[in-house]
Amino acid sequence: MKRINLLGIISILFFLSFFTPSNAQEPSQQINVDPLVDELLVLKNKMTEKNDFTNRYTIQLFYGSSREEAIKIRNKFHSKYDSIPTNIVYQSPNYKVWAGNYTNSLEAEKCFIELKEDFKSALLIRPKK
């Protein structure tokens, strides 16, 4: 009889432990975010709605593993076409030199034809971002 009562009491205590709320600690870290982040998120959402990220064209002037060669090509490009922005993109293990950021294919095609005379290996591409 005592064994049944003891087993019953242990069973009741065991089941009650599942239904009582636990006192888990709440995280108390506070993250400080620059207010400009919210503005950037709004701008990104607007650009995404307009499909501005995917409808871009650029001209690839160089593709290779030499960083020095990429810098040399970019400098050569800037000596003749200083109004067109360039950037060097690194995608392991290669460097790419991209020139221009065009929103329509006609504008990009016009510039590409002009650049093709000086940069024989140039390609007109739509980079994925």
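Mentor: Start with a pair of side chains. D118 and K80 meet in a salt bridge, 2.7 Å from N to O. The model is predicted, so local features need pLDDT of at least 70 and side-chain atom pairs count only at pLDDT 80 or more, while totals for chains, interfaces and linings use all residues. Residues are numbered from 1 along each chain as its sequence is written, and side-chain values use heavy atoms, with hydrogens and water left out.

Trainee: Why is the contact between D118 and K80 called a salt bridge?

Mentor: The term asks for a side-chain nitrogen of Lys or Arg within 4 Å of a carboxyl oxygen of Asp or Glu. Here the N to O distance between K80 and D118 is 2.7 Å, so the pair qualifies. The structure holds one salt bridge.

Trainee: What does the pair of D118 and K80 tie together?

Mentor: D118 lies in the loop between α4 and β4, and K80 lies in helix α3, so the pair ties together parts that are 38 residues apart in sequence.

Trainee: Is K80 buried or exposed, and how do you know?

Mentor: Buried means under 20% relative accessible area, exposed means over 50%, and partly exposed is in between (1.4 Å probe, protein chains only). K80 has a relative accessible area of 52%, so K80 is exposed. D118 has 28%, so D118 counts as partly exposed.

Trainee: How many helices and strands are there?

Mentor: The protein has four helices and four strands. Helices (H or I, at least four residues) and strands (E, at least two) are DSSP runs, numbered from the N terminus. From the N terminus on, the elements run α-α-β-α-β-β-α-β.

Trainee: In what order do the four strands form the open sheet?

Mentor: The order is β2-β3-β1-β4, and the pairing is antiparallel. β2 (86-91) and β4 (123-125) stand at the edges, each with a single partner strand, so one side of each is left without a neighbour in the sheet. The twist averages 35° from one strand to the next.

Trainee: What makes β2 and β3 a pair?

Mentor: Two strands pair if DSSP finds at least two bridges between them. β2 and β3 (residues 94-102) have six bridges, so they pair, in the antiparallel sense. I88 has V97 as its bridge partner in β3. T86 stands opposite A99 in β3. A hairpin of two residues joins β2 to β3.

Trainee: How many bridges join β1 to β3, and how many join β1 to β4?

Mentor: Six bridges join β1 to β3, running antiparallel. There, Y57 stands opposite Y102. Three bridges join β1 to β4, also antiparallel. There, T58 stands opposite I125.

Trainee: Why is β1 called largely enclosed?

Mentor: Seven of the eight residues of β1 are buried, so the rest of the structure largely encloses the strand. G64 is found in β1. Its relative accessibility is 13%, so G64 counts as buried.

Trainee: What does G64 touch?

Mentor: Contact means heavy atoms within 4.5 Å. G64 touches N94 and Y95, not counting residues up to four places away in sequence. G64 and Y95 are 31 residues apart in sequence and 5.4 Å apart in space, C-alpha to C-alpha.

Trainee: Which strands does helix α3 lie across?

Mentor: Helix α3 (residues 67-80) lies across β1 (57-64), β2 and β3, running at about 165° to β2. Axes are lines fitted to C-alpha atoms, for helices over the stretch in contact, and angles run from 0 to 180 degrees between N-to-C directions. Helix α4 (residues 105-116) packs on the sheet too, touching β1, β3 and β4, and its direction makes about 40° with that of β1.

Trainee: Which residues of α4 are buried, and how do you know they line one face?

Mentor: The buried ones are A108, C111, F112 and L115. Seen down the axis of α4, these fall within an arc of 105°, so they line one face of the helix. That arc is of the directions from the helix axis to the C-beta atoms. What covers them includes β1, α3, β3 and β4. The face turned away from the buried side carries the exposed residues L106, K110 and I113.
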